[in-house]
Amino acid sequence: MNPLLQRLHPYPFERWRELTAGITPNPAYRPISLGIGEPKHATPALIEEALMAALPGLSSYPATAGEPVLREAIAGWVQRRYGVALNAGTQVLPVTGSREALFAFAQTVINPTRPGATVVCPNPFYQIYEGAALLAGAQTCFVPSVPSRNFAADWAAVDDATWARTQLLYVCSPGNPTGAVMPLAEWKWLFELSDRHGFVIASDECYSEIYFGDSPPLGSLQAARALGRPDFRRLVAFTSLSKRSNVPGLRSGFVAGDAELLKAFLLYRTYHGSAMSPLVQRASAAAWADEKHVVANRELYRQKFAQVLPVLQPVLDVQRPDAAFYLWAGIATSAAAPLANEVAWAQGLLAQYNVNVLPGRLLAREVAQHTPPNPGAGRIRMALVAPVAECLEAAERIAAYCAQQRQAA
Ligand SMILES: Cc1ncc(COP(=O)(O)O)c(C=O)c1O
């Protein structure tokens, strides 16, 4: 067996299942889950129709590089969304969801024979980054998020010796679970570090189309272009249809950026066997070409946040995020008790009100030198993926639970 498999950590949902195994949720309430970040809005008909129309494609093997029609559709979307012109032949590659691509990319980029091979990740973070690093034979370095900066990652917490060993940096903007969007100045800083130390940047942008302000989140390719890096050297962006178009079951996304890196990634993918089904390619091309359903989808999330936040803000330490569909809430509203145990809190909420949320510490790693060591401690993640009325009902139950907790204190 591959000994590196022993280094993997159980997935947050697996740990949460164990922590809730003995709990019987109050049957007086119907269950509401704000736990898993799986989009629940309806899949647009135009995508289903394109998929059905492509059925004859089942009779042929797809190319790993994808069909030109899909690559052109992706390049067209990047041009409209970010104002960035890409060469569809060399700077774009379809992937079967950003998850597999984020994982496979580390296997392509990491050289484990170089001493101290390191992958830098935000903390809290999407657990695939860590698993990808460990199975590639690298070690991880976690960067804490800063509450005072809307939970943006504090890249300055990484010392120069660690950057020198770093081969790959995962950035997640908009972030899961914090929703923080990285500004241009931070991109500039990271690009300069990448130039100095030679590491590659994997920019996870799968939540880029769900945002609440007037201007869409800055993308990494857009940042690179604005900073005079038209070749996107050492940068690859990861984008997905799952959240943008409510098709998590389609398994479709793309990577774009540095042509040299994509050439190596394509070679890896050819052997790995991760070509996208011709049906999915046609459906994806239709999805990238349409923006109307994306605007409607965003509007639904805006409604949810507008209705839920006024109910939660009096009882939890919670702000509207820059983007994505999560609330990253502190369960102690007073600074005097910032590290209350959110695991017990979430277990109580499930038992008494049948609302499922994810305790923050399960999404983060403990780093002794950081304050607090686990940046998820005292926080819960709520995914506002259920219909508006259900999210609102969950918020009202949480408010009742908090009132009850205050009375008991
Ligand atoms: C931060 C982040 N990146 C990537 C993904 C993977 O999405 P997909 O594989 O559906 O594109 C997810 C899914 O929840 C996520 O939260």
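Predicted model: local features only at pLDDT ≥ 70, side-chain atom pairs only at ≥ 80, totals over all residues.

Let me start with Tyr 207, where an N or O atom of the side chain is 2.7 Å from an oxygen atom of the ligand, a polar contact in the sense of a pair of N or O atoms within 3.5 Å. Residues are numbered from 1 along each chain as its sequence is written, and side-chain values use heavy atoms, with hydrogens and water left out.

Ser 98 also has a side-chain N or O atom 2.7 Å from a ligand oxygen, and for Asn 176 a polar side-chain atom lies 2.8 Å from an oxygen atom of the ligand. On its own the ligand has 400 Å² of accessible area, of which the protein covers 92% (Shrake-Rupley method, 1.4 Å probe).

As for the shell, 15 residues surround the ligand, and the closest are Ser 98, Asp 204, Ser 240, Ser 242 and Lys 243, where a residue counts as near if one of its heavy atoms lies within 4 Å. Helix H4 (98–109) and helix H9 (241–244) are the elements that give two or more residues to this shell, and the largest share, 3 residues, comes from H4. Helices here are DSSP runs of H or I with at least four residues, strands are E runs of at least two, and both are numbered from the N terminus.

Turning to helix H1, residues 12–19, the buried residues are Pro 12, Phe 13 and Trp 16, with buried meaning under 20% relative accessible area, exposed over 50%, and partly exposed in between (1.4 Å probe, protein chains only). Because they cover an arc of only 95 degrees around the axis, they sit on the same side of H1, the arc being that of the directions from the helix axis to the C-beta atoms. On the other side of H1, Arg 17 and Glu 18 are exposed.

Leaving aside residues up to four places away in sequence, His 370 touches Phe 142 and Pro 144, contact meaning heavy atoms within 4.5 Å. Gln 303, in helix H12, counts as partly exposed, at 34% relative accessibility.

Conventions:
Polar contact = N/O pair within 3.5 Å; in protein donor to acceptor, adjacent residues only side chain to side chain.
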